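Subject: Structure handover

Hello,

Here is the structure we talked about. Please open it alongside this note. My findings follow below it.

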Amino acid sequence: MDSLVGVPLLVAAGISALVFITLLIAKLRNTAKISFIFFLISGVLVAGCLYTYYNQQLMFLVFTLAFAEVLILLYTGVVAFSNPKKREEKKEAKRLAEQRAMISENSVSKEEYNATVKKYKRIIEVNKDLVSKVSSFFSKEDSMEEFLNYGNKLLTEKVKADGCVILMADDFDNILTVKSFTGSFPPPYKLPADLPHKPIRVETNLRFAQFPLTDNIFGDIAVKGEPVLIEDSVRDPRVYQNGPEEFLKCGSYIFIPIKQAEGVAGVIALSRDPGKAKFTKDDVIEAEVYTDAIASAMKPLYSFLSYAEHKELTSGGDIATSIQKTLIPSKLPAIASLGIGCFTNPMENVCGDYYDVIISRKNRISFIMADVAGKGMNSLVVMLMIRAILRLTVNTPQSAATILAWANRGICIESSKIDHFASVALINYDSETRKADIASCGNNPVLLYSAKTKSLETLTEVTEPMGVEKDSVYKDVTVTLEKGDMLVTFTDGIVEALNDMGTQYSMNSLSKIITANAGKSAKEISSRVKDDLKKFCDGTQQFDDQSLLVIKAE
């Protein structure tokens, strides 16, 4: 047995070595906190076992074990009786000392520190002043335009520029439009070849200019989103030299993008005349400070304008919609030899569609379908005007086209700033001769379904809407209705209705429903169209009124 004592000694030494290696790996990977005592103990055990093996004296192994136990006893004694709070305090003190050392190594001078503090204090002050100032523009009629003009003048003054242009981005058309212009600003872009080089013509061109996001310096700045300083525009290929005239000579420029969280909202461009000192990097920094402040102040102004517009539309739309309902006949008159079917789906805060049935004489019944441009109170005012004119004129012996021409002239006389355009279909039906005199303007069509041929055709053509030109001429179409024939007119809200896939209901769908149900009454046909339209849209929000009128000879 004594001859085999070396084997367990080697095994013990190997196990202790493996313990040392695993402790080292844990330490390097930082998976656990390992005290140096365990490294020392495992090392002592490896050394003691190997030494005993080579000398064949067990006394060395006993000393090794005793020494290892003493080390363990010291460690457990420290852990058992030391104060954990003090240990953490010592660690924290050590960490702070290391941080101070790092700060000391990377410390900036007092002057640099004060300069940085001063810089950011000024930025905060500028932003605070502009955000406070923007509230004074809420009550102005053209709030955003007034604010941009104020920002334009402020930038011109602070940077000591000779001219300044503010361009804002249009998200839908991907263009930049000039919204504010002041001072002397030689155009850095190529002027149109046919534009006379006169100050007033060049200035007008700039005031109403629009720029794509490519192939011009304004668009490049908006796309890249970085400020640009052009000290010498003559040598810079991005600036176009338009001519030898003094007012067209370019000096130095600063271009600053107007940045917001959603992206670049526009570009501010500053110019300084060629005979003066060039812009410097300090001027760029100054311009950036005020541009960022303008961008920040625009956010609450945009929010206020959006809220005010929504409130106005909602309030005006509710009133207009309630009045609109009183204008539409609540009950259709009973007319011998004719069946009438109709429906209207008014959208929220939209007041555009209007239809009417007027029995003016024994042998004249007038059917009207109108779609007025605009929303809310604006469209209601135009609707009332058209309704009043038509109710007065359909009682005359004039044709449908002449009556529409009279109404158009009356609407065109209106000189208010609101849009006063409308698409109108007028059908004058003679119950004695069964003839229908038809005329339309705009895009309200009149369809004829022939019971004999079982086909559907469009009788009217698309023309200028009512209210565009006072001298517009409209065309009469006369048809004689046989039993089972139908006249159908509707507003574009029906054929342009969208489903959740963005697909339009279309003229084709409407024609199929009318043709498939041609044997039913006019009232049933209008109900089938309404149901089919509702099924097609399936709850998708619509943005235009939907109205249909079906007249069927019986």
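Start at Pro186: its relative accessibility is 5%, so it counts as buried, the cut-off being under 20%. Bear in mind that this is a predicted model. Pro186 sits in the loop between strand S2 (175-183) and helix H7 (199-207). Leaving aside residues up to four places away in sequence, Pro186 touches Phe247, Leu248, Lys249, Cys250, Tyr253 and Ser271. Take Ser271: 85 residues separate it from Pro186 in sequence, yet the C-alpha atoms are 7.7 Å apart in space.

Next, the salt bridges. The structure holds eight.

Lys276 and Asp162: the closest N and O atoms are 2.7 Å apart. Lys276 lies in the loop between strand S6 (263-272) and helix H9 (281-327), and Asp162 in the loop between helix H6 (143-159) and strand S1 (163-170), so this pair ties together parts 114 residues apart in sequence. Lys276 counts as partly exposed, at 47% relative accessibility. Asp162 counts as buried, at 17%.

Asp283 and Arg272: here the closest N and O atoms are 3.8 Å apart. Asp283 is in helix H9 and Arg272 in strand S6, eleven residues apart, and the pair links distant parts of the chain. Both residues, Asp283 and Arg272, are buried.

Asp471 and Arg409: their side chains meet in a salt bridge at 3.3 Å, N to O. Asp471 is in the loop between strand S13 (455-458) and strand S14 (477-480), while Arg409 is in helix H11 (residues 400-413). The two are 62 residues apart, and again the pair links distant parts of the chain. Asp471 counts as exposed, with 53% relative accessibility. Arg409, at 42%, counts as partly exposed.

Last, a helix pair. How do H13 and H14 cross? The axes of helix H13 (residues 506-516) and helix H14 (residues 522-537) come within 9 Å and cross at roughly 140°. The crossing of H13 past H14 is right-handed. On the H13 side, Leu510, Ile513 and Ile514 make the contact; they meet Arg528, Val529 and Asp532 in H14. By class, this contact has four nonpolar and two charged residues, with no polar ones.

Best regards

Key: Residues numbered from 1 in each chain as written. Predicted model: local features only at pLDDT ≥ 70, side-chain atom pairs only at ≥ 80, totals over all residues. Heavy atoms only, no water. Helix = DSSP H or I, 4+ residues; strand = E, 2+ residues; numbered from the N terminus. Buried < 20%, exposed > 50% of the residue type's maximum accessible area, 1.4 Å probe, protein only. Contact = heavy atoms within 4.5 Å. Axes fitted to C-alpha atoms, helices over the stretch in contact; angles between N-to-C directions. Left-handed = near helix turned anticlockwise from the far one by under 90°. Nonpolar A, V, L, I, M, F, W, Y, C, P; charged D, E, K, R; others polar. Salt bridge = Lys/Arg side-chain N within 4 Å of Asp/Glu carboxyl O.
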